[in-house]
Amino acid sequence: MNAVSKITPAMTVDEFLVWPGDGTSTRFELVNGQPRAMAPASTVHATIQVNIASFLHRHLLPSPCRALTEAGVKPVFDAKRNVRIPDITVTCNEATPRDHLVSEPLLIVEIISPSNEHDTWESIAALATVASLREIVVVQSERMDALVYTRLADNNWPDEGVSVPADGVVRLSSIDAELKMSDIYAKTGLS
């Protein structure tokens with residue numbers, strides 16, 4: 001439990017969205033009514049995030065869809081007390097100036113770092129409850145490795161993701177795109 005959750009009573013999503021924070025520049029997500037601090041990303045994590053988001057942005061320009069970094073998404077389970085912040089979210093819904101949360105995400109990308117692995121997998125499990133979500137991509141930040149989970153025809157998730165090797169290609173059926181692993185990890189020093 002972090003220091004903020006010890007002093008902050010349980011919050012609803014609406015309260016969280018207008019909460020000014022703890023007076024620091026710390027970023028938070030809401031987990032079961034408690035703000036959870038998010039550690040700053042490593043430079044490799046941030047580079048991977050920019051590489052993927054840039055690719056998705058270019059790929060989606062001709063479509064109504066868009067890629068967002070660190071946008072809030074409400075899971076279905078306990079939706080009044082949870083807002084998760086995936087590294088990248090793709091949605092095809094139109095933005096409005098008052099939006100604080102992504103409605104109907106189609107694809108999320110999470111980048112796993114050793115310091116956040118448990119929390120990230122917990123968020124992935126929560127976000128998998130969102131009915132509109134078609135794909136989840138999990139990318140490692142310390143080695144060239146990715147998993148792609150694509151929702152099955154029966155609307156369930158597969159038990160295991162498709163593993164993409166360092167020399168492979170991430171295939172995203174939800175947006176009809178292919179992204180080379182070498183492009184995901186460009187300028188990270190990983191090979």
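Colleague: Is D119 buried, exposed or partly exposed?

Modeller: In this predicted model, D119 comes out as partly exposed, at 28% relative accessibility.

Colleague: Okay, and which side chain does D119 meet in a salt bridge?

Modeller: That would be R36, with an N to O distance of 3.3 Å. D119 sits in helix α4, residues 117–127, and R36 in strand β2, residues 34–38, so the contact ties together parts that lie 83 residues apart in sequence.

Colleague: What about R36, buried or exposed?

Modeller: R36 is buried: its relative accessible area is 15%, and the cut-off for buried is under 20%.

Colleague: Which residue pairs with R36 at 2.6 Å?

Modeller: E122 does, again through a side-chain salt bridge, with the 2.6 Å taken from N to O. This pair also links distant parts of the chain, since R36 belongs to strand β2 and E122 to helix α4, 86 residues apart. E122 itself is partly exposed, at 31% relative accessibility.

Colleague: Which residues are linked in a network of salt bridges?

Modeller: R36, R84, D119 and E122 are the members of that network.

Colleague: Changing topic: what does D78 meet in a salt bridge?

Modeller: The partner of D78 is R81, and their side chains are 2.9 Å apart, N to O.

Colleague: And how much relative accessible area do those two have?

Modeller: D78 has 26%, which makes it partly exposed. R81 is partly exposed too, with 31%.

Colleague: Last one: how many salt bridges does the structure hold?

Modeller: Six. Among them are the D119 and R36 pair, the R36 and E122 pair, and the D78 and R81 pair.

Terms used:
Residues are numbered from 1 along each chain as its sequence is written. This is a predicted model: local features need pLDDT of at least 70, side-chain atom pairs count only at pLDDT 80 or more; totals for chains, interfaces and linings use all residues. Side-chain values use heavy atoms; hydrogens and water are left out. A salt bridge is a side-chain nitrogen of Lys or Arg within 4 Å of a carboxyl oxygen of Asp or Glu. Helices (H or I, at least four residues) and strands (E, at least two) are DSSP runs, numbered from the N terminus. Buried means under 20% relative accessible area, exposed over 50%, partly exposed in between (1.4 Å probe, protein chains only).
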